[in-house]
Amino acid sequence: MIAKIGGGKSTAGLIRYLYDTRKAKDHTDPHLVASWDGFAPDPGRADVFDATKKLLVADLDLHVKQAERLSRAPERHVWHCSIRAAETDRHLSDEEWGDIARRVVAATGIAPDGDPDGCRWVAVRHASDHIHIAATKVRADLRTARHWNDYLTADRELAAIEKEYGLHQVVRGDRTAAKRPTRAEQEKAKRAGQARTARERLRTTVRTAMAAAASTEEFIGLLQHTDGVLVDVKHFPSGDVRGYAVALDGDTNGKQEPIWYSGSELSPDLSLPKIRKRLDATEQQPGPRRTNPWHQATAATERIPHHLDRSDDAAAQAHLAAFGEALDALPLIAPQDVRLQLREAAEAFERATRSRVQAEHQHARALRGAVRAMVREPAPRDGAVLAMFLDAAILVVIAAARWHQLRQHDQQVAAARQTLLHLQAAYEQTAAAPIAVLAQCRPPQQVVERHILLIRQAVPKHADQVLEDPAFDALAAVLTVAEKAGHDPKQLLQQAADQRALDDAHRPARVLTWRVERLSARSAQSDRARAAQGLSAARRPSAPVQGTPAASAPAPAGRPPNGSARRR
């Protein structure tokens, strides 16, 4: 159920509208379902309509007229609340709607339970799926009703009503969502042949610029060099930047002036002070880079689920915000054929980057810095590094949905689930080609058998699922290449498995393939370093793990342990 609350100056005007069946064609059989005392006159059920309507208005306005004599009546004394059921809800009776109305006026402070001096109100039903509550805000003791935050209290009561009545439970927000386009903005976009309003298009543009910028100056510069976007930079007397506003070229008002939107009007987190705070919490990348920034961003992304599992909500929220910036940046550098899915994923996840939890952005410095460096790299050609990043991103979105759900952030959960659909589609399209290329390099069967043993030792819980995954040949290929480069395949598998549990992975062989490929991109340890590491491990006392076989040496090649069938 959804409530809309407004006000006005004329009780007669509101009652006239509620009972009108001539101009309002969708009004059928208007009648009362409840009132302040249960005895209010009902024009819809009276023989003399006009006289009864005047009588109802007079009864509602009784305390208002008394307060006016004492100059204590509020100018806007009318309180109007419409309550609409979902299309899928069952038909509610008049008695049920009456009960709902009584609970809402009590919850909002219009007519609290047990208060004989509550305001006068009526609930009118003129359609099957909604009612209107009309009230006057002057109490019987001639005080004005205390109904602050009435929308929130009404919404909270409606949530309880939905559960008790078995109705559709609306996904509710926490007042951190970006402002929705107005009806006028939507109609204007439709007339212009645009799928999105100017507000929505500018929000995407600003978020993309913020994701790519490393400083406030660069952020402003990127906006100013964006085609079709006008930028108005506000300055303090000292010359420092105070704020900004943006407009679409050609989007004008009746005076042919550009329609400007400040950052905060686009989204709560796009004001200049909040953007500056995030940009200041960006890890500066060193001059000559030794590590591929895509690998850096992927590694930082893979660690996000770990941060979400901890008890530090401020840090978790910071990582989700930085991850949202990474998604905003991807359409700039991804291949053309997946940009639409990635842009839709970024726009969907935008809602999941904010909640009532205040983010401490310094916790996500590494990811934010890696994303900035990634944007400045040439676009990937083979799709492997993009697939690697998207594979990690999918697990982050699953973890984000779980994190928000535990905190009852309903809108954010829905946004994360919508994001997942777009990311999975982009990933499947991106990963197919590089996985196929790797699978063509499947090593000889003897080498494959040895890798099977290592997989069963490194990820025993998921081993069968890995071996049955069509991407297993690609995993075997990257393990072989890594071994030839001097890496220890067993150690790589163990590191890949330790980075994040594979419980959320739909295709674990693919996950391991990308992790092993990224880890093997690092320089392999020298023989001397490996020997020193082994000597250090040998000097440390170790206790046998309870429940594991005493013999830790691998079984002979070609014979998987525990008599498991070999994968051919």
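Analyst: In this predicted model, a contact means heavy atoms within 4.5 Å of each other. Among contacts in the protein chain with a separation of 6 or more, 73% are accounted for by residues 24 or more positions apart.

User: What share of the residues of the protein chain counts as buried, and what makes a residue buried?

Analyst: A residue is buried if its relative accessible area is under 20%. Of the 568 residues of the protein chain, 50% count as buried. The accessible surface of the chain comes to about 28,900 Å², and carbon and sulfur atoms hold 50% of that area.

User: Why is Q317 called buried?

Analyst: Q317 has a relative accessibility of 2%. The cut-off is under 20%, so Q317 counts as buried. Q317 lies in helix α13, which spans residues 313-333. Leaving aside residues up to four places away in sequence, Q317 touches A352, T353, R354, S355, V357, A359, W403 and H404.

User: Why are helices α14 and α17 called roughly antiparallel?

Analyst: The axes of α14 (residues 336-349) and α17 (residues 410-439) cross at roughly 160 degrees and come within 8 Å. Angles over 145 degrees count as roughly antiparallel, and therefore α14 and α17 receive that description. On the side of α14, the contact is made by D337, V338, Q341, L342, E344, A345, A348 and F349. On the side of α17, the contributing residues are A415, Q418, T419, H422, L423, A425, A426, Q429 and T430.

User: Is the crossing of α14 and α17 left-handed or right-handed?

Analyst: The crossing of α14 and α17 is left-handed. That term applies if the near helix is turned anticlockwise from the far one by less than a right angle.

User: What makes β1 and β2 edge strands?

Analyst: Five strands form an open sheet in the order β1-β3-β5-β4-β2, with antiparallel pairing. β1 (2-8) and β2 (31-35) each pair on one side only, and these are the edge strands. From one strand to the next, the twist averages 25 degrees. The protein chain has eight strands and 23 helices.

User: Which residue of β4 stands opposite A34?

Analyst: A123 in β4 stands opposite A34.

How values were computed
Residues numbered from 1 in each chain as written. Predicted model: local features only at pLDDT ≥ 70, side-chain atom pairs only at ≥ 80, totals over all residues. Heavy atoms only, no water. Helix = DSSP H or I, 4+ residues; strand = E, 2+ residues; numbered from the N terminus. Buried < 20%, exposed > 50% of the residue type's maximum accessible area, 1.4 Å probe, protein only. Areas by Shrake-Rupley, 256 points an atom, 1.4 Å probe, with all protein chains shown as cover. Pairing = 2+ DSSP bridges. Axes fitted to C-alpha atoms, helices over the stretch in contact; angles between N-to-C directions. Parallel < 35°, antiparallel > 145°, perpendicular 65-115°, else oblique.
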